[in-house]
Amino acid sequence: MAVLGLSTAEEEIYRHLLRNPGVELDDVHVLLRQDPLVSAAAVRRLRDLQVIREDGGRAWPHKPELVVNRLAQQRLDEFYSTIRTLSDLNPLVDALRREAHDRGTHAEQAPVERLMGLPAIRERLDELAFFARTEVMSSEPYDALTPENIERSRELDLRCLRRGVVLRSLVRASAVADDTTRAYLQELTAAGARIRVLDDLSELMIVYDRHTALVPVDPKVTSRGALCSSEEGIVTAVVNNFERLWAGAAEFAGAAGQGDGAPDEPRLTDLQVQVLRAMCTVAKDETGARQVGAALRTYRRHISELMRILGAENRAHAALLARERGWV
(Lines give C-alpha, C1' and ligand atoms only; values in the text may rest on other atoms or scores of the structure.)
Protein backbone atom coordinates (compact mmCIF):
# COMPACT_ATOMS: atom_id res chain seq x y z
CA MET A 1 0.00 0.00 0.00
CA ALA A 2 3.01 2.26 -0.34
CA VAL A 3 1.45 3.77 -3.48
CA LEU A 4 -1.35 5.05 -1.22
CA GLY A 5 1.10 6.68 1.18
CA LEU A 6 1.25 4.04 3.93
CA SER A 7 4.53 2.88 5.44
CA THR A 8 5.40 -0.78 5.83
CA ALA A 9 4.61 -0.65 9.55
CA GLU A 10 1.24 1.02 8.96
CA GLU A 11 0.26 -1.52 6.32
CA GLU A 12 1.26 -4.43 8.58
CA ILE A 13 -0.93 -3.12 11.41
CA TYR A 14 -3.90 -2.53 9.10
CA ARG A 15 -3.62 -6.03 7.63
CA HIS A 16 -3.31 -7.44 11.15
CA LEU A 17 -6.58 -5.76 12.10
CA LEU A 18 -8.29 -7.06 8.97
CA ARG A 19 -7.40 -10.56 10.15
CA ASN A 20 -8.09 -9.83 13.83
CA PRO A 21 -10.70 -7.05 14.19
CA GLY A 22 -11.40 -5.73 17.67
CA VAL A 23 -8.01 -6.59 19.22
CA GLU A 24 -5.97 -4.41 21.54
CA LEU A 25 -2.96 -2.71 20.02
CA ASP A 26 -0.81 -2.34 23.13
CA ASP A 27 1.32 -5.36 22.24
CA VAL A 28 0.93 -5.29 18.45
CA HIS A 29 4.59 -4.36 18.06
CA VAL A 30 5.56 -7.64 19.68
CA LEU A 31 3.35 -9.70 17.37
CA LEU A 32 4.57 -7.88 14.28
CA ARG A 33 8.18 -7.55 15.48
CA GLN A 34 8.16 -3.79 15.15
CA ASP A 35 10.00 -1.14 17.12
CA PRO A 36 7.59 0.12 19.84
CA LEU A 37 8.05 3.77 18.87
CA VAL A 38 7.54 2.98 15.18
CA SER A 39 4.43 0.96 15.97
CA ALA A 40 2.97 3.70 18.19
CA ALA A 41 3.57 6.32 15.49
CA ALA A 42 1.98 4.04 12.89
CA VAL A 43 -1.15 3.58 15.00
CA ARG A 44 -1.49 7.35 15.48
CA ARG A 45 -1.20 7.99 11.76
CA LEU A 46 -3.68 5.24 10.87
CA ARG A 47 -6.09 6.85 13.31
CA ASP A 48 -5.54 10.30 11.80
CA LEU A 49 -6.05 8.92 8.29
CA GLN A 50 -9.27 7.20 9.40
CA VAL A 51 -7.91 3.84 8.39
CA ILE A 52 -8.76 2.38 11.81
CA ARG A 53 -11.15 3.24 14.62
CA GLU A 54 -10.72 2.61 18.34
CA ASP A 55 -13.21 2.09 21.13
CA GLY A 56 -12.59 0.95 24.68
CA GLY A 57 -8.96 0.16 24.07
CA ARG A 58 -9.73 -2.04 21.07
CA ALA A 59 -9.27 -1.29 17.37
CA TRP A 60 -11.15 -2.15 14.20
CA PRO A 61 -10.17 -1.57 10.56
CA HIS A 62 -12.35 0.45 8.23
CA LYS A 63 -13.54 -1.39 5.12
CA PRO A 64 -10.82 -1.87 2.47
CA GLU A 65 -12.84 -0.25 -0.33
CA LEU A 66 -13.41 2.84 1.84
CA VAL A 67 -9.78 3.02 2.95
CA VAL A 68 -8.32 2.56 -0.53
CA ASN A 69 -10.61 5.15 -2.11
CA ARG A 70 -10.03 7.67 0.68
CA LEU A 71 -6.24 7.28 0.58
CA ALA A 72 -6.23 7.39 -3.23
CA GLN A 73 -8.21 10.64 -3.19
CA GLN A 74 -5.81 12.15 -0.67
CA ARG A 75 -2.84 11.14 -2.80
CA LEU A 76 -4.48 12.59 -5.90
CA ASP A 77 -5.06 15.87 -4.06
CA GLU A 78 -1.39 15.92 -3.06
CA PHE A 79 -0.26 15.14 -6.61
CA TYR A 80 -2.56 17.79 -8.06
CA SER A 81 -1.22 20.37 -5.61
CA THR A 82 2.31 19.44 -6.66
CA ILE A 83 1.38 19.70 -10.34
CA ARG A 84 -0.04 23.19 -9.79
CA THR A 85 3.15 24.22 -8.00
CA LEU A 86 5.35 22.82 -10.76
CA SER A 87 3.28 24.55 -13.42
CA ASP A 88 4.32 27.97 -12.14
CA LEU A 89 8.00 28.02 -11.26
CA ASN A 90 8.56 31.68 -11.99
CA PRO A 91 8.62 32.65 -8.26
CA LEU A 92 11.31 30.01 -7.65
CA VAL A 93 13.37 31.19 -10.61
CA ASP A 94 13.09 34.81 -9.43
CA ALA A 95 14.18 33.84 -5.93
CA LEU A 96 17.17 31.92 -7.23
CA ARG A 97 18.19 34.81 -9.46
CA ARG A 98 18.15 37.11 -6.42
CA GLU A 99 20.55 34.70 -4.73
CA ALA A 100 23.06 34.94 -7.57
CA HIS A 101 26.31 36.60 -6.52
CA ASP A 102 27.23 37.79 -10.00
CA ARG A 103 24.37 40.21 -10.73
CA GLY A 104 26.37 42.38 -13.10
CA THR A 105 25.74 40.20 -16.12
CA HIS A 106 21.96 40.09 -15.63
CA ALA A 107 21.19 43.39 -13.96
CA GLU A 108 20.89 45.27 -17.21
CA GLN A 109 19.94 42.95 -20.03
CA ALA A 110 19.91 44.30 -23.54
CA PRO A 111 16.40 45.23 -24.74
CA VAL A 112 16.92 42.99 -27.76
CA GLU A 113 18.98 39.81 -27.57
CA ARG A 114 20.56 38.30 -30.65
CA LEU A 115 20.59 34.50 -30.73
CA MET A 116 23.17 33.00 -33.02
CA GLY A 117 23.05 29.41 -34.18
CA LEU A 118 20.34 26.78 -34.04
CA PRO A 119 21.36 25.38 -30.61
CA ALA A 120 20.99 28.82 -28.97
CA ILE A 121 17.63 29.41 -30.62
CA ARG A 122 16.33 25.98 -29.58
CA GLU A 123 17.51 26.48 -26.01
CA ARG A 124 15.61 29.77 -25.76
CA LEU A 125 12.50 28.25 -27.35
CA ASP A 126 12.59 25.42 -24.82
CA GLU A 127 12.87 27.92 -21.98
CA LEU A 128 10.06 30.17 -23.22
CA ALA A 129 7.75 27.22 -23.92
CA PHE A 130 8.39 25.82 -20.45
CA PHE A 131 7.39 29.07 -18.75
CA ALA A 132 4.49 29.98 -21.09
CA ARG A 133 1.29 30.33 -19.06
CA THR A 134 -1.42 31.91 -21.21
CA GLU A 135 -0.83 31.92 -24.98
CA VAL A 136 1.69 31.08 -27.68
CA MET A 137 1.28 32.66 -31.13
CA SER A 138 3.37 31.38 -34.00
CA SER A 139 3.62 32.11 -37.69
CA GLU A 140 5.82 29.58 -39.45
CA PRO A 141 6.16 29.78 -43.25
CA TYR A 142 7.39 26.24 -43.88
CA ASP A 143 6.24 24.09 -46.78
CA ALA A 144 6.61 20.81 -44.88
CA LEU A 145 7.96 19.43 -41.62
CA THR A 146 10.42 16.56 -41.46
CA PRO A 147 9.78 13.72 -38.99
CA GLU A 148 12.71 15.08 -36.94
CA ASN A 149 11.12 18.55 -36.81
CA ILE A 150 7.81 17.04 -35.73
CA GLU A 151 9.31 14.95 -32.95
CA ARG A 152 11.04 17.99 -31.50
CA SER A 153 8.02 20.27 -31.82
CA ARG A 154 5.55 17.71 -30.49
CA GLU A 155 7.02 17.67 -26.98
CA LEU A 156 6.97 21.47 -26.65
CA ASP A 157 3.52 21.94 -28.18
CA LEU A 158 1.72 19.19 -26.28
CA ARG A 159 3.35 20.20 -23.02
CA CYS A 160 1.90 23.70 -23.42
CA LEU A 161 -1.54 22.38 -24.38
CA ARG A 162 -1.65 20.04 -21.38
CA ARG A 163 -1.09 23.04 -19.10
CA GLY A 164 -4.02 24.88 -20.67
CA VAL A 165 -1.91 27.30 -22.72
CA VAL A 166 -3.73 28.62 -25.79
CA LEU A 167 -1.77 27.66 -28.88
CA ARG A 168 -2.48 29.61 -32.10
CA SER A 169 -0.47 28.87 -35.20
CA LEU A 170 -0.42 30.16 -38.77
CA VAL A 171 0.86 27.84 -41.51
CA ARG A 172 1.15 27.86 -45.28
CA ALA A 173 -1.39 26.11 -47.48
CA SER A 174 1.48 24.13 -48.98
CA ALA A 175 2.19 22.65 -45.54
CA VAL A 176 -1.37 21.34 -45.33
CA ALA A 177 -0.86 19.59 -48.66
CA ASP A 178 2.01 17.56 -47.21
CA ASP A 179 0.66 14.31 -45.71
CA THR A 180 3.15 14.08 -42.82
CA THR A 181 2.77 17.72 -41.86
CA ARG A 182 -1.03 17.62 -42.15
CA ALA A 183 -1.20 14.57 -39.86
CA TYR A 184 0.83 16.40 -37.22
CA LEU A 185 -1.35 19.51 -37.48
CA GLN A 186 -4.43 17.31 -37.08
CA GLU A 187 -2.85 15.83 -33.95
CA LEU A 188 -2.35 19.32 -32.54
CA THR A 189 -5.92 20.46 -33.27
CA ALA A 190 -7.24 17.29 -31.62
CA ALA A 191 -5.22 18.26 -28.52
CA GLY A 192 -6.76 21.76 -28.53
CA ALA A 193 -4.49 23.89 -30.71
CA ARG A 194 -6.00 26.49 -33.05
CA ILE A 195 -4.45 26.52 -36.52
CA ARG A 196 -5.22 28.71 -39.51
CA VAL A 197 -3.90 28.63 -43.07
CA LEU A 198 -2.70 31.29 -45.49
CA ASP A 199 -1.92 30.73 -49.15
CA ASP A 200 0.91 33.26 -49.03
CA LEU A 201 2.70 33.35 -45.69
CA SER A 202 6.23 34.72 -45.38
CA GLU A 203 6.38 36.12 -41.82
CA LEU A 204 8.25 34.03 -39.23
CA MET A 205 7.46 34.99 -35.63
CA ILE A 206 6.69 33.46 -32.24
CA VAL A 207 5.19 35.32 -29.27
CA TYR A 208 4.94 33.93 -25.73
CA ASP A 209 2.30 35.29 -23.35
CA ARG A 210 2.23 38.58 -25.34
CA HIS A 211 5.43 39.34 -23.43
CA THR A 212 8.36 37.94 -25.41
CA ALA A 213 8.73 37.83 -29.19
CA LEU A 214 11.19 36.02 -31.44
CA VAL A 215 11.73 37.06 -35.06
CA PRO A 216 14.52 36.26 -37.52
CA VAL A 217 17.45 38.65 -37.83
CA ASP A 218 17.03 38.47 -41.61
CA PRO A 219 13.60 37.21 -42.81
CA LYS A 220 15.18 36.13 -46.08
CA VAL A 221 18.07 34.22 -44.46
CA THR A 222 16.82 32.67 -41.23
CA SER A 223 20.17 30.95 -40.64
CA ARG A 224 21.61 34.32 -39.59
CA GLY A 225 19.92 33.96 -36.22
CA ALA A 226 16.97 35.35 -34.27
CA LEU A 227 16.12 38.41 -32.23
CA CYS A 228 14.46 37.90 -28.84
CA SER A 229 12.82 40.86 -27.12
CA SER A 230 10.42 41.65 -24.29
CA GLU A 231 10.31 45.36 -25.13
CA GLU A 232 6.65 46.38 -25.06
CA GLY A 233 6.76 48.35 -28.30
CA ILE A 234 8.46 45.58 -30.24
CA VAL A 235 6.21 42.85 -28.85
CA THR A 236 3.08 44.90 -29.53
CA ALA A 237 4.10 45.42 -33.15
CA VAL A 238 4.71 41.68 -33.63
CA VAL A 239 1.39 40.78 -31.95
CA ASN A 240 -0.52 43.27 -34.11
CA ASN A 241 1.05 41.81 -37.24
CA PHE A 242 0.11 38.30 -36.14
CA GLU A 243 -3.49 39.31 -35.38
CA ARG A 244 -3.78 40.96 -38.81
CA LEU A 245 -2.65 37.78 -40.52
CA TRP A 246 -4.82 35.63 -38.26
CA ALA A 247 -7.95 37.59 -39.11
CA GLY A 248 -7.45 36.92 -42.83
CA ALA A 249 -6.54 33.24 -42.54
CA ALA A 250 -8.76 30.18 -43.10
CA GLU A 251 -9.47 27.55 -40.46
CA PHE A 252 -7.19 24.53 -40.77
CA ALA A 253 -10.03 22.00 -40.57
CA GLY A 254 -11.68 23.49 -43.61
CA ALA A 255 -8.42 23.70 -45.52
CA ALA A 256 -7.68 20.07 -44.64
CA GLY A 257 -11.13 18.96 -45.79
CA GLN A 258 -12.39 18.09 -42.30
CA GLY A 259 -15.49 20.24 -42.19
CA ASP A 260 -16.16 23.68 -40.82
CA GLY A 261 -14.00 23.63 -37.73
CA ALA A 262 -11.69 21.83 -35.36
CA PRO A 263 -13.03 19.31 -32.89
CA ASP A 264 -14.79 20.86 -29.92
CA GLU A 265 -14.10 20.03 -26.29
CA PRO A 266 -16.57 17.32 -25.26
CA ARG A 267 -19.59 18.83 -23.51
CA LEU A 268 -20.90 16.91 -20.52
CA THR A 269 -24.58 16.67 -19.67
CA ASP A 270 -25.76 17.80 -16.23
CA LEU A 271 -26.15 14.17 -15.20
CA GLN A 272 -22.63 13.30 -16.38
CA VAL A 273 -21.24 16.19 -14.33
CA GLN A 274 -23.11 14.91 -11.26
CA VAL A 275 -21.84 11.36 -11.85
CA LEU A 276 -18.28 12.63 -12.27
CA ARG A 277 -18.43 14.54 -8.99
CA ALA A 278 -19.95 11.57 -7.20
CA MET A 279 -17.29 9.25 -8.58
CA CYS A 280 -14.59 11.55 -7.19
CA THR A 281 -16.14 11.95 -3.73
CA VAL A 282 -17.96 8.76 -2.66
CA ALA A 283 -16.53 5.32 -2.02
CA LYS A 284 -19.37 3.08 -3.22
CA ASP A 285 -21.20 3.07 -6.55
CA GLU A 286 -24.47 2.40 -4.71
CA THR A 287 -24.04 5.64 -2.74
CA GLY A 288 -23.11 7.58 -5.87
CA ALA A 289 -26.11 6.23 -7.78
CA ARG A 290 -28.47 7.28 -4.98
CA GLN A 291 -26.80 10.69 -4.80
CA VAL A 292 -27.46 11.44 -8.48
CA GLY A 293 -30.83 9.69 -8.56
CA ALA A 294 -29.89 7.05 -11.12
CA ALA A 295 -30.05 3.28 -11.27
CA LEU A 296 -26.82 1.51 -10.36
CA ARG A 297 -26.32 0.12 -13.87
CA THR A 298 -26.98 3.56 -15.38
CA TYR A 299 -24.53 5.15 -12.96
CA ARG A 300 -21.80 2.65 -13.85
CA ARG A 301 -22.50 3.05 -17.56
CA HIS A 302 -22.00 6.81 -17.22
CA ILE A 303 -18.71 6.22 -15.40
CA SER A 304 -17.49 3.99 -18.22
CA GLU A 305 -18.45 6.66 -20.77
CA LEU A 306 -16.70 9.40 -18.76
CA MET A 307 -13.54 7.30 -18.58
CA ARG A 308 -13.69 6.86 -22.35
CA ILE A 309 -14.14 10.60 -22.91
CA LEU A 310 -11.25 11.41 -20.59
CA GLY A 311 -9.03 8.65 -21.96
CA ALA A 312 -8.50 7.34 -18.42
CA GLU A 313 -7.12 3.93 -17.52
CA ASN A 314 -8.99 3.74 -14.20
CA ARG A 315 -11.18 5.84 -11.92
CA ALA A 316 -8.28 7.43 -10.06
CA HIS A 317 -6.76 8.45 -13.41
CA ALA A 318 -10.16 9.79 -14.51
CA ALA A 319 -10.43 11.91 -11.35
CA LEU A 320 -7.00 13.43 -11.99
CA LEU A 321 -7.76 14.17 -15.66
CA ALA A 322 -11.12 15.69 -14.74
CA ARG A 323 -9.41 18.00 -12.25
CA GLU A 324 -6.85 19.03 -14.85
CA ARG A 325 -9.66 19.99 -17.24
CA GLY A 326 -11.49 21.89 -14.51
CA TRP A 327 -14.54 19.61 -14.69
CA VAL A 328 -14.59 19.00 -10.93
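The stops below pass from a sheet to one of its residues, then to the nonpolar cores and the cysteines. Please keep in mind throughout that this is a predicted model.

**First stop: the sheet**

Display the strands as a cartoon. Eight strands form an open sheet, and their order across it is E4-E10-E9-E8-E5-E6-E7-E11. The pairing in this sheet is mixed. In general, strands of a sheet pair through backbone hydrogen bonds, either parallel or antiparallel. Select residues 112-115 for strand E4 and residues 250-251 for strand E11; these are the edge strands, each of which pairs on one side only.

Next, select E6 and E7. How do E6 and E7 run, parallel or antiparallel? They run parallel, and five bridges join them. Within this pair, find Arg-168, which stands opposite Arg-194 in E7.

**Second stop: Ile-195**

Remain in strand E7 and select Ile-195, which belongs to that strand. Its relative accessible area is 3%, so Ile-195 counts as buried. Now show what surrounds this residue. Beyond its neighbours within four places in sequence, Ile-195 is in contact with residues including Ser-169, Val-171, Leu-185, Leu-188 and Trp-246. Further contacts of Ile-195 include Ala-250, Glu-251 and Phe-252. Draw a distance from Ile-195 to Trp-246: the two are 51 residues apart in sequence, yet their C-alpha atoms lie 9.3 Å apart in space.

In soluble globular proteins, nonpolar side chains tend to be buried together. Select Val-136, Val-171, Leu-185, Leu-188, Tyr-208 and Leu-214, which touch the most other members of the largest nonpolar core, a set of 31 residues. Among the elements that give two or more residues to this core are helix H7 (118-131), helix H10 (179-190) and strand E6 (166-172). Which element gives the most to this core? It is H8, with five residues.

Center the view on Tyr-208. With neighbours within four places in sequence left aside, Tyr-208 is in contact with Leu-125, Leu-128, Ala-129, Ala-132, Glu-135, Val-136 and Leu-214. Apart from this core lies another, of 25 residues; to locate it, select Tyr-80, Leu-268, Ala-312 and Leu-321, which are among its members.

**Last stop: the cysteines**

Select Cys-160 and then Cys-280. Cys-160 has a relative accessible area of 3% and is therefore buried. Cys-280, at 10% relative accessibility, also counts as buried because the cut-off is under 20%. How many disulfides does the structure hold? The number is zero.

Conventions
Residues are numbered from 1 along each chain as its sequence is written. This is a predicted model: local features need pLDDT of at least 70, side-chain atom pairs count only at pLDDT 80 or more; totals for chains, interfaces and linings use all residues. Side-chain values use heavy atoms; hydrogens and water are left out. A nonpolar core is a set of buried Ala, Val, Leu, Ile, Met, Phe, Trp, Tyr and Cys residues joined through side-chain atoms within 4.5 Å. Buried means under 20% relative accessible area, exposed over 50%, partly exposed in between (1.4 Å probe, protein chains only). Helices (H or I, at least four residues) and strands (E, at least two) are DSSP runs, numbered from the N terminus. Contact means heavy atoms within 4.5 Å. Two strands pair if DSSP finds at least two bridges between them. A disulfide is a pair of cysteine sulfur atoms within 2.5 Å.
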